[in-house]
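Please look over the model below before reading my points.

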Amino acid sequence: YNTVPLCETTWNTEAGNPYAVSKTKSEQIALEIAKGNKLDLVSVLPSAIIGPHCYGHLTPTMRYLAGIINGNAMVDPCFTFNYVQSEDVAKGALAAARKGTSGQRYILGNSKAITTSEIFAIAKDFNPAIQIPPTITRERLMEFAIAQEAVSKTSQTAPLLSVDDVKRYYMSDLSIDLSKSEQDLAYKNRPIKQALLETFSLLKA
């Protein structure tokens with residue numbers, strides 16, 4: 001990312017993740033088309049979504065939290081995430097449709113991010129039976145990610161960890177400037193700890 005804290009002028013410039021590249025390019029194209037054809041369009045940019053209404057299957061984000069709360073996470077990768085609760089996203093999206101300025105982008109997330117070490121501590125408070133796993137170095141994570149990507153090319157399945165994941169999340173700063181969404185949309189979000197506890201209650205086996 002090209003700015004910290006992240007804000008609406010921030011664009012993902014990492015070219016190594018096809019998923020991220022496709023989202024960036026599709027949003028840019030949509031904004032260009034809307035502007036050229038005088039169409040009303042706002043972009044809503046949520047951080048990692050957690051919480052209720054995850055139907056059919058768990059997202060990778062929710063699957064990781066399910067592994068933590070059910071004691072299946074073997075290591076602490078020293079990652080940083082920025083979570084937002086799904087119902088807060090829904091309210092923010094509705095506000096953007098009703099109050100947002102056409103052609104503008106609005107981030108929906110939390111101003112402060114959270115580390116995996118903090119997530120494990122919250123999970124242990126929720127479920128004392130959890131054993132907090134050891135941390136792992138960036139070098140070991142990169143080795144594992146490279147091996148996983150090699151396997152995925154033959155298995156045709158997504159790797160458990162990618163090189164881009166390590167670059168993006170390892171001891172990173174994912175704080176967000178929410179001032180635009182707060183001012184234009186009256187956006188409010190619940191604290192990350194509250195959102196995590198609500199999510200753990202849904203995921204606990």
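1. Basis. This is a predicted model, so local features need pLDDT of at least 70 and side-chain atom pairs pLDDT 80 or more, while totals for chains, interfaces and linings use all residues. Residues are numbered from 1 along each chain as its sequence is written, and side-chain values use heavy atoms, without hydrogens and water.

2. Core. The largest nonpolar core has 45 residues. Such a core is a set of buried Ala, Val, Leu, Ile, Met, Phe, Trp, Tyr and Cys residues joined through side-chain atoms within 4.5 Å. Buried means under 20% relative accessible area, exposed over 50%, partly exposed in between (1.4 Å probe, protein chains only). Leu 65, Phe 79 and Tyr 83 are among the residues with the most contacts inside this core.

3. Tyr 83. Neighbours within four places in sequence are left aside here. The contacts of Tyr 83 (heavy atoms within 4.5 Å) then include Ser 47, Leu 65, Ile 119 and Leu 196.

4. Strands. Strands are DSSP runs of E, at least two residues, numbered from the N terminus. E1 (residues 43-46) and E5 (residues 105-108) pair in the parallel sense over four bridges; pairing takes at least two DSSP bridges. Ser 43 has Arg 105 as its bridge partner in E5. Ser 43 and Leu 45 lie on the covered face of E1, Val 44 and Pro 46 on the uncovered one.

5. Surface. Thr 9 is exposed, at 55% relative accessible area. Its C-alpha atom is 19 Å from that of Ala 93, 84 residues apart along the chain. Ile 29 is partly exposed, at 47%.
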